[in-house]
Amino acid sequence: MELETMQPNPVWSADAYDDALAVLETHAEDLVYKVWGGDWCKDCRAMLPDFAAALDAAGVPTDHVEQYPVDQEKDGPGVDEYGIEYIPTVVVERDGTEIARFVEDEPVPILVYLADEIEAALESDTAV
């Protein structure tokens with residue numbers, strides 16, 4: 001099942017996010033984005049369309065974006081397994097291992113937050 005809130009915002013501007021988009025573009029084929037949200041949720045309606053537009057702009061394949069609808073009681077697929085308490089939550093995995101997580105109330109857009117986390121995680125992998 002897909003989230004309506006994951007329909008890309010048609011007026012979102014990629015120009016303001018070149019650096020963050022470059023991170024997603026570089027790893028477009030390597031990462032999987034797992035998105036928990038609810039079409040009823042005001043935070044999801046505010047944040048997810050821009051994130052969906054960013055994923056499109058970065059060329060992330062649609063089969064690398066998994067959507068998990070959550071009901072108003074915060075029940076849904078993968079909620080217990082991934083410890084989802086707030087939505088939207090976006091978990092980024094590489095080879096089945098979580099490398100980054102955005103949870104609802106970060107002070108920057110999902111794209112910016114995850115790009116920083118992905119870059120830090122992958123840099124630490126190469127430093128080993």
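Biologist: Let's start with E85: buried or exposed?
Modeller: E85 is exposed, because its relative accessible area is 56%. The cut-offs are under 20% for buried and over 50% for exposed, with partly exposed in between, using a 1.4 Å probe and protein chains only.

Biologist: Good to know. What kind of model am I looking at?
Modeller: A predicted one, where local features need pLDDT of at least 70 and side-chain atom pairs count only at pLDDT 80 or more, while totals for chains, interfaces and linings use all residues. Residues are numbered from 1 along each chain as its sequence is written, and side-chain values use heavy atoms, with hydrogens and water left out.

Biologist: Thanks! Where does E85 lie?
Modeller: E85 is in the loop between helix 3 (79-82) and strand 3. Helices (H or I, at least four residues) and strands (E, at least two) are DSSP runs, numbered from the N terminus.

Biologist: And what separates E85 from A52?
Modeller: Along the chain they are 33 residues apart, and their C-alpha atoms are separated by 21 Å.

Biologist: Switching topic: how many salt bridges are in the whole structure?
Modeller: The search finds 3 salt bridges. The term stands for a side-chain nitrogen of Lys or Arg within 4 Å of a carboxyl oxygen of Asp or Glu.

Biologist: Which residue does K34 pair with in strand 2?
Modeller: That would be E66, with the closest N and O atoms 3.7 Å apart. K34 sits in strand 1 (residues 31-37) and E66 in strand 2, so this pair ties together parts that are 32 residues apart in sequence.

Biologist: What about E93, which partner does it have?
Modeller: E93 forms a salt bridge with K34, and there the closest N and O atoms are 3.4 Å apart. E93 belongs to strand 3 (residues 89-94) and K34 to strand 1, so the two tie together parts that are 59 residues apart in sequence. Both E93 and K34 are buried.

Biologist: And what does R101 pair with?
Modeller: The side chain of R101 meets that of E98 in a salt bridge, at 3.0 Å from N to O. R101 counts as partly exposed because its relative accessibility is 23%, and E98 is partly exposed with a relative accessible area of 36%.

Biologist: Nice. Now Q67, what's the story there?
Modeller: Q67 lies in strand 2 (residues 65-69). At 19% relative accessibility, Q67 counts as buried. A polar atom of the Q67 side chain lies 2.6 Å from the backbone nitrogen of L3.

Biologist: I also spotted W40. Where is that one?
Modeller: W40 is found in the loop between strand 1 and helix 2 (42-57). W40 is partly exposed, because its relative accessible area is 33%.

Biologist: How are W40 and N9 placed, in sequence and in space?
Modeller: They are 31 residues apart in sequence and 17 Å apart in space, C-alpha to C-alpha.

Biologist: One last one: which helix holds E25?
Modeller: E25 lies in helix 1. With a relative accessible area of 43%, E25 is partly exposed.

Notes: A polar contact is a pair of N or O atoms within 3.5 Å; within protein, one must be able to donate a hydrogen and the other to accept it, and residues adjacent in sequence count only if both atoms are side-chain atoms.
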